[in-house]
Number of protein chains: 2
Amino acid sequence: MVAKEAAGRARPGRAPAPAGRRARPRQAEVARLAGVSQATVSLVLSGRDLATGRPISAETRAKVLDAAHSLGYVPDPAASRLAAARNNLLGVFSFTATFPTDVRHSYYPFLVGVEQEAAAQGYDLVLFTGSSTGGAGAGGAGALNRVRLADGCLFLGRHAPADELRRLVADDFPVVHVGRRDEPEGLAWVGADYVSASREVVTALAALGHRRVLLVREDDDAPASTDRERGFLDGLAASGLPAGPEAVFRSGDPRRDLTADRVRAWVADGVTAFVAEETDTGAAWRALRAAVDAAGLDCPGQVSLALLGSPPADLADGPAPMGFDIPRPALGAEAVRLLAARIAGGPAEGTLVACAFRPGATAGPPPAP
Amino acid sequence: MVAKEAAGRARPGRAPAPAGRRARPRQAEVARLAGVSQATVSLVLSGRDLATGRPISAETRAKVLDAAHSLGYVPDPAASRLAAARNNLLGVFSFTATFPTDVRHSYYPFLVGVEQEAAAQGYDLVLFTGSSTGGAGAGGAGALNRVRLADGCLFLGRHAPADELRRLVADDFPVVHVGRRDEPEGLAWVGADYVSASREVVTALAALGHRRVLLVREDDDAPASTDRERGFLDGLAASGLPAGPEAVFRSGDPRRDLTADRVRAWVADGVTAFVAEETDTGAAWRALRAAVDAAGLDCPGQVSLALLGSPPADLADGPAPMGFDIPRPALGAEAVRLLAARIAGGPAEGTLVACAFRPGATAGPPPAP
DNA sequence: CGCATGAGGTAATGCGCATTAACGGCGTCG
DNA sequence: CGACGCCGTTAATGCGCATTACCTCATGCG
């Protein structure tokens, strides 16, 4: 038994609209008022007739537009999106609150660029907060799955779980990670070019006459750290300086390990310039400054210092260190561009953005021996 | 001619999906994998079976959930909304960039609260960027209409066009404005209780012994300004002080109009305390401080100063002025709560949030005559 | 004069999900 | 032992819009 009389059957589906809420006009009403079909209304209002050479007479256009205007018609975005199979939403997933209470340590500078570029590309932003549990259906495990709601998604922070990302990538869901990242094969990312920027800093020091330069870094193998080290060593090599492992001081707790004595010993040994990597906490830089101070060394005079990044906000005043600035807003904007390209079917590439060299006031020629 | 053989007709409608990208899984795929119908999937995933006593066997539930999980299924928000459900998305629409380049003058503090409360209520945030143009059909005019994609929307900033808002309100779309607002009748809002807070400041000055207090305000009739003035006058009256129009100095350009001479004249005339309103730019407060300085008056000693709000960030250091702090994060959170209530069918009310009095260090007893 | 052509429009269909009447298989009650 | 109620599931339907195959004319052309 396949067919039944329509007459005999009650109609399932949507219940009649609750009387309370007055409905907005639909294209169907506009069509009725204009004396045309709904399809025509859609064509006229979407401008598809002009764009794709779909001919609609000026007279009909006018009738439709009049009707739409007099009814105060506005399209239902949900319906448009459904029919068009996209929603013009870009996800932004960060693994901490997107709006941390402490403004300064945050993704804020990225978001400045992200918002601007997203607007320029006609996207709205959906903020997914790591903590929010998601709908009942999704379940807690695949919280990351929520992002599939958008046309594509940006990821901020180094704590993105590789396997969940891998899954998204495998499904060809458009994803862009902010920050260089190797882990899931085929992941698109945008990152700062720490290698070049660090090399440039070392080169500048060498140009000032320094012959022994030491890198102080923390004990973390994030790409951001290894890239800086590589650039540092490259720079040494390019300047004809010894670039062996003794040029790098690595410590899990610089504040403890980087003592004034140690600094004095290095200086006695011929080191004239120190370079610290920048991290979230700025631990290496803080420790370096403190140790140099404690050793009673005058900064531009007796030793030169440089920071591979920007100083933490609480050290913002005082002389700017030689180093470089990460163009975070530009990175954010680039990430959006790349994501938009991915959504449009482009390849999943990695992009490096150049950092701006900052001469600063903490480096000068080495003291005469 | 009404009916034709189905066989002879080609099928209009959506073109087949472009082969390149694998589409997100739909409920239909989940259903197939679980060996049930799409309707069952919908019931299980939405939890409607449990909630409304619609019985689904535990076994079936498990199969469906497994399938959904292994496919990485997530519901399409547009479709959910279209089907008259909800998508757990809260819109945030601001009429300037949500992430201004200058962090300090921004909606940031609101968003801190908004994000937190939204997460707590299980909503994700959609940032609608004011500048983005919206769909071609809508034209620039109905850009605000995009927000209908979400279950409801928060509006930030005083530049929300009244007529567009009116339209949303008329359609009973859940909207909450951050900041008190009269204009569209029936608009829900949350605002700071400037009236009470301002009254309290004046009362405190009166308690210190001041008998002549002057309000310096700018030339803007936003509710935020008029409320402060009202509270100021209320406070005078409540303290038995003259509350005539001569107690208010209003200027479109305080920096120009508020001269040292003028201040000296007021003081000579018996004024012992000055109160400035807070605005975006802090113009009134800046001008007042400058004029008092220029007049060579000692602040807590010869004149007392108060600020109806928080000092601008660039004046943040230095002695805190007497005044009050607007609990912006709390306001944001309250706005979300109210919006959630609206979505659930609650009334469109206005809510005032209390400000915290700040004794500060710029007010003391008036000098002995 | 007969047919191709193009202009102007319409009918039908589907997007993905929520909703609900109906259905079939049970155990039970009268 | 047939009517009935309960359960679990499904089929059918619509939300509002975009898309496209097709239809109907009026014209142009050989």
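Hi everyone, let's start in chain B: leaving aside neighbours within four places in sequence, B:Leu205 is in contact (heavy atoms within 4.5 Å) with B:His210, B:Val213, B:Ala273, B:Val275, B:Ser304, B:Ala306, B:Met322 and B:Ala363. Before I go on, this is a predicted model, where local features need pLDDT of at least 70, side-chain atom pairs count only at pLDDT 80 or more, and totals for chains, interfaces and linings use all residues. Residues are numbered from 1 along each chain as written, chains are lettered from A and ligands numbered from 1 in written order, and side-chain values use heavy atoms, without hydrogens or water.

B:Leu205 is also one of the residues that touch the most other members of the largest nonpolar core, which has 102 residues; A:Phe232, B:Leu154 and B:Phe232 are the others. A nonpolar core here is a set of buried Ala, Val, Leu, Ile, Met, Phe, Trp, Tyr and Cys residues joined through side-chain atoms within 4.5 Å. Buried means under 20% relative accessible area, with a 1.4 Å probe and protein chains only. Apart from that core lies another, of 35 residues, including A:Leu89 and B:Phe93.

Now over to chain A and strand β8, residues 273–277 (strands are DSSP runs of E, at least two residues). 5 of its 5 residues are buried, so β8(A) is largely enclosed by the rest of the structure. A:Ala273, A:Val275 and A:Glu277 point one way, A:Phe274 and A:Ala276 the other.

And its partners? β8(A) pairs in the parallel sense with β6(A) over 4 bridges (pairing takes at least two DSSP bridges), and A:Val213 stands opposite A:Ala273. β9(A) also runs parallel to β8(A), joined by 5 bridges, with A:Ser304 opposite A:Ala273.

Key. Buried means under 20% relative accessible area, exposed over 50%, partly exposed in between (1.4 Å probe, protein chains only).
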